[in-house]
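User: I would like to learn how to read some features of a model. Where do we begin?

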Amino acid sequence: MSVEADAGRLKTEADEPGWEVDPDDEWGVAVIATVGRQLKLRREAVGMRAAEFGKAVGYGEDLVYKIEGGKRIPRQEYLDRADEVLGAGGLIAATWEDVKKVRYPKKVRELGKLEEKAAEIGVYECNIIAGLLQTPEHARALIEAAQPPYAPDDVERMVAARLARQSVYERDPAPSIHFVLEEAPLRRQVGGTMVWRQQLERLLEVGRLNNVTLQVMPTNTDAHPGLDGRIELLKFPDGTAVGRSDGKFNGRPVSDPRQLRILELRYGTIRAQALPPRGSLAFIERLLGET
């Protein structure tokens, strides 16, 4: 981070909130503690005090101590600047490769790893637009609506984590991805009219990808087996699979073939009752035309 030229002061925790380390994430705690220790040892090796170093990188002294103590996840800009100031020859900057693997919450990382490996992804959402389809503004509005509210730095961390999962669209070979979304969340203008319109445009963009099938479940339809919650199915190249459902097996991930067959039956029934892909895209286009 840099010193604000107009104000002539160092950025503080209020200006640049970092990401707290999840104490239950043992791997994340170990990685951040190791990086912090390396930063401290290198700073002391060149004879710089924390306050002096903080001024050089544009951070307050308190934040320097938190990062070195493994209490705060450093951002890439901080590591790059620290590398320059300490003359580390790229060694400190290179620690970003480790930090970026643990910067997101543990549960999100685990889900992201599964999605990265899956050859086929099937998602049914009943209350929101699926995270893999959300725009940054839509995701932020949803997360900020939580009660009790998240701290600002936690909001940004969760938004970044959600968007990072969308790298699944860039995979080669691309996985086959199927979405079924309820009509009601599509009509809810989360974040205001502009954010809502951008979100619908994003749905059309992704829904037209060759490897993506997007379907809408009309509100005016018969009861279906997804009314008790979200369903996700992931199938892998080796023939294995994992699934989970809010309304079945207590929401826990399952891989037992008998349990998976239940989820596949439910998901298949939902897809059969939803609008076909072409009709679904036309439906979203009509929603855009209503404003």
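Analyst: With helices. A helix here is a DSSP run of H or I with at least four residues, numbered from the N terminus. This model is predicted. Helix α3 spans residues 61-68, and E68 lies in it.

User: Is E68 buried or exposed?

Analyst: Buried means under 20% relative accessible area. E68 has 8% relative accessibility, so E68 counts as buried.

User: Which residues is E68 in contact with, leaving aside neighbours within four places in sequence?

Analyst: G36, R37, L39, K40 and R43.

User: Now the sheet. What is the strand order?

Analyst: The order is β5-β4-β3-β6-β7, an open sheet of 5 strands with mixed pairing. β5 (212-217) and β7 (241-245) each have a single partner strand, so one side of each lacks a neighbour in the sheet. On average, neighbouring strands are turned by 5 degrees against each other, direction ignored.

User: How many bridges join β3 to β4?

Analyst: 6, and the two strands run parallel. As one example, G122 has H178 in β4 as its bridge partner. Helix α11 (residues 257-273) packs on this sheet and touches β3, β4, β5, β6 and β7. The direction of α11 makes about 115 degrees with that of β6 (231-235).

User: And the peptide bonds?

Analyst: Most peptide bonds are trans. A cis bond joins Q147 and P148, with omega about -5 degrees. P148 sits in the loop between α7 (136-144) and α8 (152-164). Another cis bond joins D172 and P173, with omega about 5 degrees. P173 is in the loop between α8 and β4 (176-182).

Notes. Residues numbered from 1 in each chain as written. Predicted model: local features only at pLDDT ≥ 70, side-chain atom pairs only at ≥ 80, totals over all residues. Heavy atoms only, no water. Buried < 20%, exposed > 50% of the residue type's maximum accessible area, 1.4 Å probe, protein only. Contact = heavy atoms within 4.5 Å. Pairing = 2+ DSSP bridges. Axes fitted to C-alpha atoms, helices over the stretch in contact; angles between N-to-C directions.
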